[in-house]
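Trainee: I would like to go through the labels attached to this model. Please show me the structure and tell me what each label rests on.

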Amino acid sequence: MKFRILAAAVALAAIGAGAVVAADEPQVVRQDIMKKVGGAMGALAGIAKGEKPYDAEIVKASLTTMSEVAKAFPDQFPAGSETGHETEASPKIWEAMDDFKAKAAKFGTDADTVLAGLPADQAAVGAALGVIGPNCAGCHEVYRVKK
């Protein structure tokens, strides 16, 4: 009986360790990061379209997320992470890493600039998306594989 309990515990620990390793893989990390940006962009778009009321805390949190992601995101593309896990990352990222990093830096700079002058109403959030949005589109057009 004790052996079965011990064997079950070891099996569960091994499964848990495997899940932790998978969660730390760059492909998984960058997918999680992009989901955060998508959520932040969605929150801002909802406000800009008038679907959600203006909320300064949501605007600030969304812009902060974008700023932080822009700084961390390029580091999630180490050599060898082009494959594995289902990914939308284009091989062009590794071929033009300097340009990819420059695009991420511009995204971060634009998010920081908008954050510094925190949009004060729905119209200002819309204008902010006009500054930030092209960064997303420009990078996705070049460095994202369409599925």
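Mentor: Start with handedness: a crossing is left-handed if the near helix is turned anticlockwise from the far one by less than a right angle, and right-handed if clockwise. In this predicted model, the crossing of α5 and α6 is left-handed.

Trainee: What makes α5 roughly antiparallel to α6?

Mentor: The axes of α5 (residues 97–116) and α6 (residues 122–143) cross at roughly 165° and come within 9 Å. Angles over 145 degrees count as roughly antiparallel, so α5 is roughly antiparallel to α6.

Trainee: Which residues of α5 and α6 make the contact?

Mentor: From α5, Asp99, Phe100, Lys103, Lys106, Phe107, Asp110, Ala111 and Val114 take part. From α6, the residues are Ala128, Val131, Ile132, Asn135, Cys136, Gly138, Cys139 and Tyr143. By class, this contact has ten nonpolar, two polar and four charged residues.

Trainee: Why is Gln76 called buried?

Mentor: Gln76 has a relative accessible area of 18%. Buried means under 20%, so Gln76 is buried. Gln76 lies in the loop between α3 (56–72) and α4 (92–95). Leaving out residues up to four places away in sequence, Gln76 touches Pro26, Val29, Arg30, Ile33 and Ser81.

Trainee: What is the average pLDDT of the protein, and where is the pLDDT below 50?

Mentor: The average is 86, and 84% of the residues score at least 70. The pLDDT is below 50 over residues 1–21. Beyond near neighbours in sequence, that stretch has zero contacts in the model.

Methods: Residues are numbered from 1 along each chain as its sequence is written. This is a predicted model: local features need pLDDT of at least 70, side-chain atom pairs count only at pLDDT 80 or more; totals for chains, interfaces and linings use all residues. Side-chain values use heavy atoms; hydrogens and water are left out. Axes are lines fitted to C-alpha atoms, for helices over the stretch in contact, and angles run from 0 to 180 degrees between N-to-C directions. Helices (H or I, at least four residues) and strands (E, at least two) are DSSP runs, numbered from the N terminus. Angles under 35 degrees count as roughly parallel, over 145 as roughly antiparallel, 65 to 115 as roughly perpendicular and the rest as oblique. Contact means heavy atoms within 4.5 Å. Ala, Val, Leu, Ile, Met, Phe, Trp, Tyr, Cys and Pro count as nonpolar, Asp, Glu, Lys and Arg as charged, and the others, Gly among them, as polar. pLDDT is the predictor's confidence in each residue, from 0 to 100. Buried means under 20% relative accessible area, exposed over 50%, partly exposed in between (1.4 Å probe, protein chains only).
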